Amino acid sequence: MEVTSCHAYKINDSRGDETLEVEMFAGEFSAKASVPSGKSTGSREAVALSADEAIKNVNEVVAPQLVGREVNFSEIDKFLLELDGTENKSELGANAILGLSIAVLKLEAKIEGQPLWQYIQSLGCSTSKDSGDNSIRFPRLFANVLNGGTHADFRLPFQEYMFVLGNGLNVAGPVEQLKVLFEQLGKKLKKNGKEIKMGDEGGFSFKSDNIEEPFDILSELHNKLALDVAGGEFFENGKYRIFDKEYSSGELLEIYENLVKKFPIVSIEDPFSENDFNGFKQVMEKTGEIVLIVGDDLTTTNVKMIEKTIEEKMINAVLIKPNQIGTVTETLEAIQMTHKAGLKTIISHRSGETEDSFIADLAVGVGAYGIKAGAISQLERMTKYDRLIEIEKEVGKC
Ligand code: 2PG
Ligand code: MG
């Protein structure tokens with residue numbers, strides 16, 4: 001079937017910032033996709049244009065050339081990359097390209113009459129494929145509960161404090177558990193007399209001048225904690241600044257080693273700034289046996305960086321964000337490369353999210369180890385959890 005029409009228009013994301021939604025048609029079939037945006041971005045990410053520019057590019061540049069083409073996401077991704085012609089997608093905008101890329105994949109799945117996760121699974125990036133095991137895996141929830149860094153007014157030192165829930169076999173149960181834990185955490189913070197604000201990803205944020213305090217609170221409620229440090233956000237002039245004190249990379253490493261000894265931390269994302277390669281190597285050496293060291297700003301869903309950082313033993317897991325790279329094809333290549341190397345993927349939302357639940361289907365479709373979808377308090381995050389639960393039901397019927 002061929003694309004019969006396609007257009008983009010403006011919507012608002014969870015921060016109230018403008019972004020775009022793309023709608024694509026093929027005969028009686030249609031699909032929509034919208035694009036999130038990040039605040040703590042890596043310098044190697046593909047370039048997003050303003051919503052107005054991206055929409056103009058979809059409607060005036062791409063759409064006229066898209067109509068009449070076969071609904072085939074990998075062919076259309078190739079066409080988009082050629083039309084853009086830049087390394088960082090700055091001509092059409094990575095946001096314009098991603099909206100189109102996801103929309104065409106969704107349309108293709110609809111035409112094939114398959115749920116999106118199943119269609120993605122058939123593309124063959126799943127961890128289970130190589131082992132010959134065809135069972136469906138559900139991602140563990142890396143669920144944000146405390147927000148800090150640039151994602152919150154009260155700047156807790158690290159950007160995201162998460163509970164890790166689930167074991168890869170189911171999802172509705174872990175979501176229920178998360179709801180209970182999130183409520184308990186809210187009550188506990190209030191009882192402790194904390195002034196609470198909501199951060200960008202829907203987690204709580206409070207004032208603290210003690211690095212260990214959030215871990216003390218969280219570890220009383222749950223025994224698997226994850227962190228997104230977003231190390232680049234407090235890196236200035238070669239030093240890491242926490243509570244007005246400066247730390248060298250080595251001193252920050254000691255902080256992590258102590259935290260890992262003292263608290264049930266199972267995963268640390270971006271512990272250092274994106275160019276502090278030595279910091280990553282050191283933390284892997286010291287803690288990589290027991291902790292996931294996850295690349296995000298370091299790797300930016302880019303196969304070149306993933307290859308380099310895996311080879312040089314800087315990470316043992318990769319965060320996957322489709323909008324860091326711009327097309328579904330390249331996102332799947334990044335996932336495939338990570339899985340082939342025997343490492344884990346965590347599929348992630350952005351801090352400015354939309355109601356699009358694509359990452360839930362992607363996570364199940366590729367058999368990702370985890371999903372980072374935010375706190376259980378904003379609609380833009382809930383749509384991902386709700387979609388995972390829906391997929392669990394669909395799997396049951398397969
Ligand atoms: C991150 C993300 C998402 P942002 O750093 O992992 O949690 O934040 O979208 O602001 O880059
Ligand atoms: Mg991150």
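## What lines the largest cavity

The lining of the largest cavity is made up of six nonpolar, six polar and four charged residues (Ala, Val, Leu, Ile, Met, Phe, Trp, Tyr, Cys and Pro count as nonpolar, Asp, Glu, Lys and Arg as charged, and the others, Gly among them, as polar). This is a predicted model, in which local features need pLDDT of at least 70, side-chain atom pairs count only at pLDDT 80 or more, and totals for chains, interfaces and linings use all residues. Residues are numbered from 1 along each chain as its sequence is written.

A cavity is a set of points on a 1 Å grid over the protein atoms alone where a 1.4 Å probe fits but cannot get out, and lining residues have an atom within 4 Å of a point.

## Where to find it

Of the 16 lining residues, Ser 34, Pro 36, Glu 353, Phe 358 and Ile 359 lie nearest the centre of the largest cavity. Its volume is about 110 Å³, meaning the space filled by probe spheres set on the points, with grid points joined across faces, edges and corners.

At least two lining residues come from each of helix H3 (94-112), helix H11 (322-325) and helix H13 (358-365); helices are DSSP runs (H or I, at least four residues), numbered from the N terminus. Domain 1 (5-113) and domain 2 (127-397) each give at least three residues to this lining, with bounds from an automatic or database domain assignment.

## The second largest cavity

Now for the second largest cavity, with a volume of about 70 Å³. His 151, Gln 159, Glu 160, Glu 201 and Lys 321 lie nearest its centre, among 16 lining residues. That lining has no nonpolar residues, seven polar and nine charged. Because domain 1 (5-113) and domain 2 (127-397) both contribute to the lining, the second largest cavity lies between them.

How values were computed: Chains lettered and ligands numbered in written order. Heavy atoms only, no water. 1 Å grid on protein atoms, 1.4 Å probe; cavity = no way out; pocket = protein on both sides within 12 Å on 5 of 7 lines; lining within 4 Å.
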